[in-house]
Structures are given as C-alpha cells and as structure tokens.
Amino acid sequence: MLVPRALRQWLTPQTFSDPEKTRRARILTLLLGIGALLSVLAAASALLDARNDARVTVTFYAVLLGWLALVHTVARSGRV
C-alpha cells in the first residue's frame, strides 16, 4: 500500500529536541489516530442502521473528524 509522501509526513509524529515533548507528541498523535479510526468505524456503523438519519450522521462525524484534524494540525505546529 503506497501512501503519498505528504500524507505520511502529516501522520507521523513530529520530533523535537526535547525528548519529553517528542514523547507527548507521539502519544497525542496515537490518540488522535485512534479517535479518527473509531470515528470512521462508528460512522459506518451508524450509517448502516436504518433508524438513523444519514444527513445528521454524516454531519456529526464530519464535524468530529474536522476537530480531530484541527487538533492534529495544531499539534504538528509544535504546540504539544
């Protein structure tokens, strides 16, 4: 599976000169990745349930994934 270079760079945790800051960045990146994966799985599960409105489900999970991406972007800028 080939992952484009820009995506791979965005998904890998940033390294800092301070080992403690690097460790926190790794943990935060891992937690954000797990949150994004669980959100996608929950969205797929919710979309398969006939009782859920698809527009509400898609809107909710799009906002959730947007917030996770925003936090990840802020963390990538060095504010860990």
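**Helix H3 and its setting**

Author: Leu65 counts as partly exposed, because its relative accessibility is 30%; the term covers values between buried, which is under 20% relative accessible area, and exposed, which is over 50%, with a 1.4 Å probe and protein chains only. The model is predicted, so local features need a pLDDT of at least 70 and side-chain atom pairs count only at pLDDT 80 or more, while totals for chains, interfaces and linings use all residues. Residues are numbered from 1 along each chain as its sequence is written, and side-chain values use heavy atoms, with hydrogens and water left out.

Leu65 belongs to helix H3, which covers residues 54-76. Helices are DSSP runs of H or I with at least four residues, strands are runs of E with at least two, and both are numbered from the N terminus. If neighbours within four places in sequence are set aside, Leu65 is in contact with Ala36, Ser39 and Val40, where contact means heavy atoms within 4.5 Å. Between the C-alpha atoms of Leu65 and Leu37 there are 9.5 Å in space, and the two residues are 28 apart in sequence.

Thr57 is also a residue of helix H3. With a relative accessible area of 8%, Thr57 is buried. Not counting residues up to four places away in sequence, Thr57 touches Ala43, Ala46, Leu47 and Asn52. Thr59 has its place in helix H3 too, but this residue counts as partly exposed, at 49% relative accessibility.

The aromatic residues come next. The structure holds 1 aromatic pair. Phe60 and Tyr61 form it, in an edge-to-face arrangement, with 4.9 Å from centre to centre and 85° between the planes. Rings of Phe, Tyr and Trp (its six-membered ring) pair if their centres lie within 6.5 Å; planes under 30 degrees apart count as stacked, over 60 as edge-to-face and the rest as tilted. Tyr61 counts as buried, because its relative accessibility is 17%.

Thr29 is found in helix H2, which covers residues 19-48. A relative accessible area of 15% makes Thr29 buried. Leu11, Pro13 and His72 are touched by Thr29, not counting residues up to four places away in sequence. Ala25 likewise has its place in helix H2, and its relative accessible area of 5% makes it buried. Ala25 lies 9.6 Å from Thr12, C-alpha to C-alpha, and the two are 13 residues apart in sequence.

The whole chain may now be considered. It contains 3 helices and 0 strands, in the pattern α-α-α when read along the sequence. Its radius of gyration is 15 Å, well over the 12 Å that the globule rule gives for 80 residues, so the chain is more spread out than a compact globule. This radius is taken over C-alpha atoms, and the rule is 2.2 Å times the number of residues to the power 0.38. The C-alpha trace spans about 50 × 25 × 15 Å along its principal axes.

Of the 80 residues, 15% count as buried. Among contacts between residues at least 6 apart in sequence, 61% join residues at least 24 apart. The accessible surface comes to about 6,200 Å², and 68% of it belongs to carbon and sulfur atoms; such areas come from the Shrake-Rupley method with a 1.4 Å probe, and for residues only the protein chains shown count as cover.
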